[in-house]
Amino acid sequence: MPRIAKHLRESAVGMLEAGASTEDVAAQVGSSVQAVRSLRRRFVQTGSTEDLPRSGRPRVTTPSQDHYILNQHLRNRFLTATATASVTPGTHNPRISAQTVRNRLAENNLRARRPYVGTVLTDRHRRDRLQWADRHINWTRQDWRTILFSDESRFALSNSDGRIRVYRRRNERYADCCVLQRDRFGGGGSVMVWAGISYGYRTQLVVIDGNLNAQKYRDRVLAPHVVPLLQNHGVISVFQQDNARPHVARDNIQFLRNNNIDFIDDWPSKSLDLNPIEHLWDNLDTRVRQRQNPPGNVNELRDALLEEWNNIPQAQINNLIHSMRRRCQAVSNARGGHTRY
């Protein structure tokens, strides 16, 4: 017979106090006679119908070991629970389980999550990023609308999710100790593309065959796309590019100057989060992978990228341009470190 439901216990006690027999009460609440007797005995002893507290399973770690487990994972957020369990003896066993380690960490609000993968930032990178963000933190939306943000990206047919996890608390996703720094590159065939965006405008998506070098960047990107746009557009007047070698090659810098193109010459290295087009690359990759028929070869991947690039709403691009002041503020707050952007 089932135990007496919580919402029926008060009624059962009331019937017992009114003189009903335990058999009649058991029939009324759908329980056993023994359960009714236990309920009456508990009510007489405690004045309550609630279950008595149970001792539970005894802990297999001491408070000292709990402190050790927490400190180990605070020092190294990428340490696995299995590794910690293998060197931590239990109170009654040669070792504890990995689940015990996870339980102790969860008690301190540390849970395993996929790490944010950020670029490697040296002290020099952080200093340059902070200085650039502080110089531009007070720019207005009109100031940012004059810039053509540009970048190239490589899209792979396949990517690896990996199984690395990091133990972190809420709001620690971008903390230095929780960021997996890595230069990312996909496999299985890929396509490199270039594009530029500004408020109310985007260039066409340019497919770059093979690897990008200085001459190819000038002939395929700067001459046919960047120079005509900045010479003829009334609002967009400044060109942004990162410090990739083809971009800052001496001949290409001179090419821009010869064509009277104003460009940002102090862009900080390793600053993907300061370039709003990076968010479009993520969105473009998601759009391609979520197609009803995902690309199965490089040619299909190229066609899908070109089609989905034109499907991105311009309003989304405009919102990214308007996020520049917040991006600078985030870099400043992080003292040049990783940000949520």
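## Chatting through helix α7 and the cores

Trainee: Hi! Let's start with α7: which of its residues are buried?
Mentor: The buried residues of α7 are His125, Arg126, Arg129, Leu130, Trp132, Ala133 and His136. Buried means under 20% relative accessible area, exposed is over 50%, and partly exposed is in between, with a 1.4 Å probe and protein chains only. Helices (H or I, at least four residues) and strands (E, at least two) are DSSP runs, numbered from the N terminus.

Trainee: What should I know about the model itself?
Mentor: This is a predicted model, where local features need pLDDT of at least 70 and side-chain atom pairs count only at pLDDT 80 or more, while totals for chains, interfaces and linings use all residues. Residues are numbered from 1 along each chain as its sequence is written, and side-chain values use heavy atoms, leaving out hydrogens and water.

Trainee: Back to α7, what do its buried residues pack against?
Mentor: They pack against α8 (141-144), β5 (179-181) and α15, with contact meaning heavy atoms within 4.5 Å.

Trainee: And what covers the buried residues of α15?
Mentor: The cover includes α7, α8, β3, α12 and α14. The buried residues of α15 are Met324, Arg327, Cys328, Ala330, Val331 and Ser332. After α15 comes Arg335, with a positive phi near 55°.

Trainee: Which residues touch the most other members of the largest nonpolar core?
Mentor: Trp281, Leu284, Leu305 and Trp309 do, in a core of 33 residues. A nonpolar core is a set of buried Ala, Val, Leu, Ile, Met, Phe, Trp, Tyr and Cys residues joined through side-chain atoms within 4.5 Å. At least two residues each come from α7 (123-136), β3 (147-158), β6 (187-198), α12 (277-289), α13 (298-311), α14 (314-321) and α15 (324-333). The most come from α12, which gives 5 residues.

Trainee: What is Leu305 in contact with?
Mentor: Beyond its neighbours within four places in sequence, Leu305 contacts Phe155, Val191, Val193, Leu205, Leu284 and Val288. Another core of 19 residues lies apart from the largest one, and Met192, Val221, Leu230 and Phe239 are among its members.

Trainee: Is Ile197 buried or exposed?
Mentor: Ile197 is buried, because its relative accessible area is 0%. Ile197 sits in strand β6. Its C-alpha is 5.6 Å from that of Leu148, 49 residues apart along the chain.

Trainee: How about Leu105, which helix is it in?
Mentor: Leu105 belongs to α6 (residues 98-107). Leu105 also has a relative accessible area of 0%, so it counts as buried. Setting aside residues up to four places away, Leu105 touches Ile69, Leu70, His73, Leu110 and Tyr167.

Trainee: Changing topic, where is Asn109?
Mentor: Asn109 is in the loop between α6 and β1 (111-113). Its phi is positive, about 65°, although Asn109 is not a glycine. Asn109 counts as partly exposed because its relative accessibility is 48%.

Trainee: And where is Lys270?
Mentor: Lys270 is in the loop between β10 (262-263) and α12. Lys270 is not a glycine either, yet has a positive phi of about 55°. With a relative accessible area of 32%, Lys270 is partly exposed.
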